[in-house]
Amino acid sequence: IRQHGDLFSIEDTNSLNHTYVNQVMLKEGENAPLENGTAIRLADEEFLFLTEKDERNVIWEREKKKKT
């Protein structure tokens, strides 16, 4: 994960188990922008990318979707 000013991105650097962003596999060397609520999977570990200022809103929205 890299930060460029206020923007963030993630790059697959030839990982053995691949990098997934919102369930889409990145190709080797491919970059993907990260925004609040972006789902990231590295091997069998899943993460949710959150920025500090909107963390509560994103978590609330995800929980709301799970209940419907």
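1. **Ground rules.** This is a predicted model, where local features need pLDDT of at least 70, side-chain atom pairs count only at pLDDT 80 or more, and totals for chains, interfaces and linings use all residues. Residues are numbered from 1 along each chain as its sequence is written, and side-chain values use heavy atoms, with hydrogens and water left out.

2. **Overall layout.** The chain has seven strands and one helix. Along the sequence the pattern reads β-β-β-β-β-β-β-α. Both kinds of element are DSSP runs numbered from the N terminus: helices are H or I with at least four residues, strands are E with at least two.

3. **Surface and burial.** Of the 68 residues in the chain, 21% are buried. Buried means under 20% relative accessible area, exposed means over 50%, and partly exposed lies in between (1.4 Å probe, protein chains only). The chain exposes about 5700 Å², and carbon and sulfur atoms supply 48% of that area. Accessible areas come from the Shrake-Rupley method with a 1.4 Å probe; for residues, only the protein chains shown count as cover.

4. **The three-stranded sheet.** This open sheet has the order β1-β2-β5, with antiparallel pairing. β1 (2-4) and β5 (31-34) each have a single partner strand, so one side of each lacks a neighbour in the sheet. From one strand to the next, the twist averages 35 degrees. The angles run from 0 to 180 degrees between N-to-C directions, with axes fitted to C-alpha atoms (for helices, over the stretch in contact). Four bridges link β2 and β5. Two strands pair if DSSP finds at least two bridges between them.

5. **The four-stranded sheet.** Here the order is β4-β3-β6-β7, again an open sheet with antiparallel pairing. β4 (24-25) and β7 are the edge strands, and each pairs on one side only. Strand β3 (residues 19-21) joins strand β6 (residues 38-42) through three bridges. In that pair, T19 stands opposite L42. β6 and strand β7 (residues 45-49) share five bridges. There, R41 stands opposite E46.

6. **The turn between β6 and β7.** These two strands form a hairpin with two residues between them. In this hairpin, A43 takes a positive phi near 60 degrees.

7. **A look at S9.** Is S9 buried or exposed? S9 is buried, because its relative accessible area is 12%. S9 sits in strand β2 (residues 7-11). Its bridge partner in β5 is P33. The side chains of S9 and H4 make a polar contact of 3.2 Å. A polar contact is a pair of N or O atoms within 3.5 Å; within protein, one must be able to donate a hydrogen and the other to accept it, and residues adjacent in sequence count only if both atoms are side-chain atoms. Beyond four places in sequence, S9 is in contact with residues including I1, R2, N31 and L34. Contact means heavy atoms within 4.5 Å.

8. **The nonpolar core.** Which residues form the largest nonpolar core? The seven are I10, V21, L26, A32, L34, I40 and F49. A nonpolar core is a set of buried Ala, Val, Leu, Ile, Met, Phe, Trp, Tyr and Cys residues joined through side-chain atoms within 4.5 Å. In soluble globular proteins, nonpolar side chains tend to be buried together.
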